[in-house]
Structure formats: structure tokens, C-alpha cells
Amino acid sequence: MSTDLPRFAPGVGSLFAVVALVPLLGLGWLAATDVEESAQQVALTTQVADLTAHLDASIRAEALITTESYWAHGLGAVNQLRIPPGFIEQLAGFDVETEYSAARVAVDEATSGGVLPAEAVSLLEQARGASRPDAASVELEAAYNEVETALSDSISEDLRTIRRLTSGVVDANGMTDAVRVLETSVRLREATSHMTEAYFSARFNVSRPGDRSNVDALTRLLLSRLSYRASAETLTSRLDREERLEALWNEVAVEPSVQSFFQRVDAMNDQLLAEGSSAPNLISEVRLGDLPAEGRSFLTSLEAVDHHVEFVAAVSSEVLGRSEMIQQQAEASRNRAVKLTTLMGLAAALAVALASVWIIRPLRRMAAVVGQLREGRAAESLSEGGPAEVRAAARALNEAVANMSVAERMATALADRQLDSPAFQMETTGRLGSSLRDALSALATSIAEREEFRERLLHEATHDGLTGVSNRSSTMGHLGQALGRFRRSDRELAVLFIDIDGFKSVNDTHGHEAGDQVLRTIAKRIQGTIRVGDHLGRIGGDEFVVIAEPADDLASALDLAGRVLGAIIEPVEADGLSLAMSASIGVALATPISTPEELLRDADLALYEAKAEGRSRVNFCSDELKARQQERVTTEKALELAVESDELELHYQPIVDATTGRLSSVEALLRWRQAGGQYMSPAVFIPLAERSDLILAVDRWVLREAARQLEEWGRDDEIGLLPMSVNISARHLSVVSLTEEVLQPLRANDVDPGLLTIEITETALLEDLDQASKTLHDLRAAGVRIAIDDFGTGYASLAHLRRLPVDVLKIDQSFVAGLDHCDERSLVQLTIDTGHLLGASITAEGVETDRQARELTAMGADRLQGFGLGHPMTATDLRSWIRANLDATNMTAVTA
């Protein structure tokens, strides 16, 4: 008989409590630290938000005070000059006293909330006191300058404080960048205000002997403009990752009032910097007749300042939004820490309370199972809970119970020859049970692997490896089956052909990995948008097809296409970039006689039409569209044959010297004489050719014929070395071999390259400016002259033109037709001045009347072209035209 007494182990519960509480204490300390740090972040972001709001209000107040000062100056000048009431309003379109009063009201409303520091409030009152009728201009300017200086100091202090506080914010989420943008935008706004003050100071303050005020104003204007450009460049570099702010800034930059004001400022600065200019003599005295234009200029400058103030407000709002987001994150972090500590405390208390239950209850159950095993009865499995020793004992008993049950089942299965019985998949112990189970498990595993391999091969054969959707062959097979079901039903079957717009530029700019991510994302979005039962397949690089089966009608198919397009145009995240994507979608409905290829072709036709209409849209393949396509195909084939069989013609339109009226050169214009002698309009067949590489063959024919004609004229004493210009398509401009294709016919005909001018439209240049610049420089180096056609209808900037070897700018005929309108006339004059500034000559197109010719000549145009001078004509007719116009006095009077 054993004399050992049972020992009670009371330390298990205590040990459990210690193990549970020690980590809890550590987590509590970490949570408290996190709460403290979060509170500091909340306080910092709150201060940043308050200061940013105050800064925004201060900037608005400063802008309004500046505006008030302008009107105060104007009112003082009106009073001192004793100008009758209403006289200025009649001339300039506004009443100075009314504008001054309105400006004061706006300042009072903006500063009613205590935005101004006490010093600025006092100075503003003094400035307004100085706005009496007998006040001197210098005294008034000094008074308002003191107000603006005080407020500017307050704004600078706010910026410094915001920058200091932001540096202490952890995980600023881009707020630091936004604050830097805010600082730069404030400098831009200040520079704009300074330019306004300096410009009109110089404009309305004509210097007299010994007076340097005009010189000072011009100097301030130049320095303010340089400051603005430097700040603008800084802002542009800082907006790389700020898409919304970048869009707002771009809107400010292209705002007509901003551009108009800067054009006037730049014109005055250019005049100041011109060689030999004397600053005091740059600005002529403003005449009464100039007041309406100067008034509009002044209002435009105020609008430019307002746009910059609004941009500062937008940036301030961005800083506020980001500080609020950081504050919310900090508060959320603090709340999480508090909740975690609370939950861990509850968990520890619950663990300690249940420790004894987890130990005693399993022991009692183990005793019951041991009794059942001793009696040979079926025993239940135990839950394995409690301390490690208790779990180990429970696990051992469970294994014994399970082995007994499995051994019985395996024996029964062997007796019944059921080798696929689930009994052989069950866990067992013992040599015999383990051997049988392992053998059958290996066999089942081998069979499962072969089935999985077969299914994987089938999936890879029918699905796209990149996106996981069906591939082309699977999609075409599905479409054939869908057409069979369609013919047996009374429902519609629709096909959506989807092409991602601009996908090639994604690969070229960001790499193929980013492009693959875009395709995967878009495929997932389309799959999530289409209906259950619809089929999605990828049939090409960036082409997807949706088979909508069934479709109620055309409207439902178009609605589905619209929803797919809406899903695609959402920004796509790829390699850390947010890419704006779009797509063009063609929709086609099946007919009883449609084949899969025909239905897909119809959808592709609608897709092509959608791209031609501007992309990012849905188009349906109607009967009318099919008919137009057939007509286009017929015309394209005929044009291709016309090029091959040399059936095209060049007609030549005279270009005359604006001063002498003599023939200067000709422009070669393509004509297509069809069977029967009728000419097809170039407006019809040229766009068709530009849809494909057929336009390249047309261009090459024109270049060969132009070189041949130049060579023939060179041997003609009557015509001689007559320069000629030809048009090159946008598609051809991107071809690397264009330079050789231009020069080869010239060499073959022994023609001086200087006799040929290549005309390129603005739009063609901007499609690939880098390649265009290289090609045109190569041509220019070979002697070929370069002309920009239809100038003014595109969006080419001076920066673009400075990169190109431009010899001639051709003013579009739409501007010439609108010479009677002041705005159009100003644009024509600006184009002429700009072209001459770049060293290019100016040719005005569309000249139809003597009056247009005289006005364009007076405005500085170098050459004229249009129906008023000569229609496009054959080479034979051109010879007759030259004979009839040998005497310049017989031509249209362009020198009067």
C-alpha cells in the first residue's frame, strides 16, 4: 500500500494569472505612451488648422485691402483733378467712388471676425482717414503700405509657425508638402499684387525730368515678374504628387484674365529689356481714348489677383483637410490603445476566474472515459483544455478512443472490400493501421494531383494568363454557342468591344509591370460590373469583349456599356501611381445570320467610331454606320489604286509678297480627279487616308510629284526657281524615316532643298513634340524650310515654338475672316509680332478682299494667300496666271 499522500498544486491558477497579467501591464504602458503621443499630435494639428484658417482669412483681407487702396488712389486722383462725376464711368465703364465704397464694405466684412492684428486695424483707420479729397497721393500710398506691411508680417509669422508645427507632426500624410505649396502660393499671390501696383504705377505715372518714380515702378514690375516665375516653377515641381491642386493651378494659369494681365506685364518688361530702351520714355502718356481699355485692363488685373487668392484658399483647405485627417488618425490610435488595454484587462480577469474550471472539469471527464474504456464501452472524445499536463493526458485518451474506433471501421471495410472507405483516411496509430492508411492516402493523393493537373491545363487553354478572364479562342467559342441560343430565343444578344484609351503610353511611360497591373485591375472592375451570366474575355493586348446574354434591348446593352465605362474611368493604382484611365466601347446586336466573326467585327467598327469621335465614349454599330464603313472602304481602296496608278494631281495656289504684290511662292494642294472628270473634295478623302498608313503613301506621292515639278520649273526660264510648300500629315511626322523620304526625291531630281517648305499643323506638332522637333531640325539642317500651318487653332505655346526651327507662321484663315472684330484683330497682330520675335516670316491665309490685304500688310504680314489673290490651279494654269500678273500693278492692290 502506498504511503504517498495526494498533493494539491495550488500554483497553477496563480501562474496563469501571472502569465496573463505581466504582458497586460506591458501593453498598458505602451498604450499609455501611445495615448500621450496621440494627444500631442492632436494638439499640434489643431494649432496648424487654426493658424491655417487664420492665414487664409488674413490673405483674403490683405487682398481686399490692396484692392481698396487701388480704388482709394483712383478716387484721390479723380478728386484732385476735379473730374466731373460720371465722366470716368462713361469712359471706363465703372464709377471709382462706387468701387471704393464697395471695396471698403468688403474689407469690413472680411475683417469683422478679428482677423487683423490690432496694429493693422489702427493703421487701416489712419489710411482711410488719409483718403480725404485733399490728401496727397504719396501720403495715401504710404498709409496703405503700412497697413499691408503689418498684415504681411502677420501672414509671414503664421506661415513660420505652421511650418514649425508641421515639422513636429508624425506621419504628416503629405501635409508638409501641402504647407510648402501654401507658402509658394502665398508668394505667387504677393507677386501678382506687386505686379498690379507696379504696372499701373508705371502706366499712369509718366516720368518728367529728374523724376525716378517711373523707373522705380518699372524695376518693381520686372523684379515682381521674375519672383512670380521663380515661385511658379517651384510650385510646379511641388505639385507632382498633388493632382487636385495641380489641376486648380492649371486652371489659374490658363484663366484668360491671368494670361491677359501677364501678357501686358511681359510686354512692358520686354520693352524695358530691349536694347537701347530708356525706362522713363517707355510709357507714353495715357490719353482719354485709352481709358476704356486701361479700365478693362485694371479690372482684369484685379481678377488675376482674385484667382490667385482663391488658389491660396484652395491650398489652405487642403492643409486643413490633411491636418484634420492626421488628427482623426491620432484620435483613432488613442481610442484603439484605450480599447486594447480595456479588453486585455477583461481577458486577464476572465482567464484567472476560469483557470480552476479549466483544470477541474477536464480531470473529471478523463476519469469517466477511463471507466468506460475499462468496461469496454464506446467512449466520447475529450475536449483538450486546461494546463499542458491536462491537455497531454486528454490527448492520449482521445488517441486511444479514436484508434479503437478506426481499427473497428478499417476491419469492417477490409472485410467488405471497400478500399475507398473513409475509414482509411482517418488518423490511426499502430503499424497495421498506419500502413493501410498511408497506402490508400498516397493513392488518393496521386489521383487528386492528376485531376488537378488536367483541370489546370484546361483552364490555361481557355483563360488569359495575366487577367484570369477567358482568352480569345474561348471567347469566340462562347460567342458561337451564345449565337445558337440567341437564334432559339426571343431575346437580344449584345457584344461590347472594349479598348483601353492611351494604354500604350502607360507601358511606354511607366513600364510593362504597371501596364499589367492596369489590365488586371480593369478586368476585375469589368467582371464586377457585368451581370451574372455575362461573359468577359480578353482578346488582345488592351482589348476586352463582353458577351451580354441575354440583353433586353439596345437600351439595356448601352446602359451596361455605360456602367462598364464608368467603372474603368476610376483612377487605377499601379506601382504607387494613380493613373487616370478611359476606354472606348463599341456595341453590336446580333442578327439571325450573324457569325461570331461578323458580330465581333461590327462591335469593333462601333469602337473605332467611338475613338474617332473623341474616345471615352460608347457607340452603337447601326446600319447607317455599316453603310458609311462600306463607303469608306470603297473610297480607301479607290484612293489606294489612285496613288499606285498616279491618278492624283497637285494644284498650286499663289503666295504673294505683301509689300510688292509679286509672286513669292506656291502651296501644292492635293486633288483627286475621279472617273468622269469630277474632283473629290480633299475634306472627304484626306481624313479617310489619315485613318491608316494610306496617308503615308499619299504624302510620299506628293513629295515625289513636288520634286518633279520643281525640277521642271527650274528648267523653265519663264518660271525659274519658284519655291513650293507641301503639307505633311501628323501620322507621317512621327515616322523616323520622314527626313529621308523628303530629301530623296529632291536629290533624285537635283532640286535645291531650299526651294521646298514643309507645312505642319500645330496639332500634329503636339502629338509627339520630341520626335517632331528632331525630325524638323534634321530637315532644317538639310536646307528644307519649315512652316507651321493653321497657326492659332491649336495649343502650341511659345515654349514649344522656341524648340522648333520655324521659318514661316501661317495665320489660319478663320482669324483673317474675323479682322473686323477687335479680339480677332488683336490675335492676328499678336501672332504677327510673335512670329517676327521668333525670327519667322508671316503668311496670312484666306485673303479674299482688298481690304483684308491692305490691313494685313499694314499689320506686318510678310506674304498673303487666298482666293482674292489666286485660286489653286494646275501647273499649266499657273503659267498663264504668272504671265497675266508679271506687272505687280495688275495684281490685287496689297500695298495701298
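Predicted model: local features only at pLDDT ≥ 70, side-chain atom pairs only at ≥ 80, totals over all residues.
Trainee: What makes alanine 482 count as buried?

Mentor: Its relative accessibility is 1%, and buried means under 20%. The value falls under the cut-off, so alanine 482 counts as buried.

Trainee: Which residues does alanine 482 touch, leaving out those up to four places away in sequence?

Mentor: Alanine 482 touches Leu493, Ile547 and Glu549. Also, alanine 482 and proline 550 are 68 residues apart in sequence, with 8.8 Å between their C-alpha atoms.

Trainee: And which strands does helix α13 lie across?

Mentor: Helix α13 (residues 472-487) lies across β1, β2 and β3, and runs at about 20° to β3. Helix α15 (residues 512-529) packs on the sheet too, touching β1, β2 and β3, and its direction makes about 5° with that of β3.

Trainee: What is the strand order in that sheet?

Mentor: It's an open sheet of 5 strands, ordered β2-β3-β1-β6-β7, with mixed pairing.

Trainee: Why are β2 and β7 called edge strands?

Mentor: Each of them pairs on one side only.

Trainee: How do you know that β1 and β6 pair, and how many bridges join them?

Mentor: Pairing takes at least two bridges, and 8 bridges join β1 (residues 492-501) to β6 (residues 582-589). So β1 and β6 pair, and they run antiparallel. For example, valine 495 has alanine 588 of β6 as its bridge partner.

Trainee: What about the largest nonpolar core: which residues have the most contacts inside it?

Mentor: Trp713, Ile758 and Leu864 do, in a core of 77 residues. Helix α20 supplies the largest share, 11 residues. Another core, of 58 residues, lies apart from it, with Leu55, Ala72, Ala191 and Phe261 among its members.

Trainee: Which residues is isoleucine 758 in contact with, leaving aside neighbours within four places in sequence?

Mentor: Its contacts include Leu703, Val726, Ile728 and Arg785.

Note on methods:
Residues numbered from 1 in each chain as written. Heavy atoms only, no water. Core = buried A, V, L, I, M, F, W, Y, C linked by side-chain atoms within 4.5 Å. Buried < 20%, exposed > 50% of the residue type's maximum accessible area, 1.4 Å probe, protein only. Helix = DSSP H or I, 4+ residues; strand = E, 2+ residues; numbered from the N terminus. Contact = heavy atoms within 4.5 Å. Axes fitted to C-alpha atoms, helices over the stretch in contact; angles between N-to-C directions.
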